[in-house]
Amino acid sequence: MKVMLRKKILDKNEQAALQNRGFFSKSGLLCINMISSPGSGKTTLLARTIQDLASKLRIGVIEGDIKTDTDARKIRAAGAPAFQIETEGACHLSAQQIKDALKELPCAKLDVIVIENVGNLVCPSDFDLGEGVRVVVLSVPEGDDKPRKYPGSFSKADVVLVNKIDLLEHVEFDLDKVKRDIRRLNPDGEILQVSARTGQGMQDWYQWLRERKEQSA
Ligand code: MG
Ligand code: ZN
C-alpha cells in the first residue's frame, strides 16, 4: 500500500516535471537542481556565483526551506531575483511547487534558474523537477563517507562540487577516496573542488556552468 502511494506521488511529480522541462526548453532557460545536506554552503556558493557572473549570466533562484525566507533574502542581497518556498515540514521540493514558483520570477529576463533544494541528501534525489542539470554539493566538514551513504544523490549528479576545500587541512577528509566513491557510482559526473569563501576553484565551476548554458541554448 505504502509502495503504491509512493508510486502515485512520483507519477504525478513526473507529469509536472515534464511540463517544467518543456517550459525551460521553450524559454531557453538552463535549470539547475542543487542538492546537498544542510550546512554545505549552497546559499553562499550561489550568492558568490551570482555576484561573480553578474555581467555574464542572468540568474534567478527558487529557494526551498522548511521554514524562513533567510536564504531568499541573501540571494536578493547578492543581486538576483529569488522566490522562497517554505515547505512547512516537507523534506524535498516537488515539480508542482517549481511550476507555481516559476510564475513569481521574471523568467523572460533570465538565462539560468537555480533551484536550491531543501537541505537533505535522501529524497530530493527521487523528485525530478524538470531540471536540465543536477548539482550536488558536498562540503569537506561533513565527512568523506557521504557518497557511500547516499548513493542515490551522488549517482544522478551532473557535477559534484566539493565545497569548503580550504578546510581540507583541518579535518579528516580523504579526497581521493571521495573521488573514487563518486566515480564508482557515477562514471560520467564531473567533480570540482571549490571554496565559495576563498574563491578557490570557483572559476572551474563558472566555466562548467557557462558551457552547460551554451549547450542548452
Ligand atoms: Mg541554503
Ligand atoms: Zn522528502
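Tutor: Donors here are N, O and S atoms within 2.8 Å of the metal (3.2 Å for Na, K and Ca), and water is not among the atoms, so sites may look incomplete. The model is predicted, so local features need pLDDT of at least 70 and side-chain atom pairs count only at pLDDT 80 or more, while totals for chains, interfaces and linings use all residues. Residues are numbered from 1 along each chain as its sequence is written, chains are lettered from A and ligands numbered from 1 in the order in which they are written, and side-chain values use heavy atoms, with hydrogens and water left out.

Student: Which residues are the protein donors of the zinc ion (ligand 2)?
Tutor: The donor residues are spaced C-H-x30-C in sequence, and they lie 2.0 to 2.2 Å from the zinc ion. H92 sits in the loop between β3 and α4, whereas C123 sits in the loop between β4 and β5, 31 residues apart; helices (H or I, at least four residues) and strands (E, at least two) are DSSP runs, numbered from the N terminus. The protein donors are C91 (SG), H92 (ND1) and C123 (SG).

Student: Is H92 buried or exposed?
Tutor: Buried means under 20% relative accessible area, exposed over 50%, and partly exposed in between (1.4 Å probe, protein chains only). The relative accessible area of H92 is 18%, so under that definition H92 is buried.

Student: Which residues coordinate the magnesium ion (ligand 1)?
Tutor: The donors follow the spacing T-x27-D-x44-E along the chain. T43 lies in helix α2 (residues 42-52) and E116 in strand β4 (residues 112-116), so this pair ties together parts that are 73 residues apart in sequence. T43 counts as buried at 9% relative accessibility, as does E116 at 3%. At 2.0 to 2.2 Å, the coordinating residues are T43 (OG1), D71 (OD) and E116 (OE).

Student: Which residues of helix α3 (residues 70-77) are buried?
Tutor: R73 and A77 are exposed on the other side of α3, and the cover over its buried residues includes α2, β2, β3 and β4, where contact means heavy atoms within 4.5 Å. The buried residues of α3 are D71, A72 and I75.

Student: Which residues have the most contacts inside the largest nonpolar core?
Tutor: A nonpolar core is a set of buried Ala, Val, Leu, Ile, Met, Phe, Trp, Tyr and Cys residues joined through side-chain atoms within 4.5 Å, and the largest one has 31 residues. Helix α8 gives the most to this core, with 5 residues. L161 touches several residues, including L45, V135, L192 and W205. The residues with the most contacts inside the core are V135, L161 and W205.

Terms used: Lists of a residue's contacts leave out its neighbours within four places in sequence.
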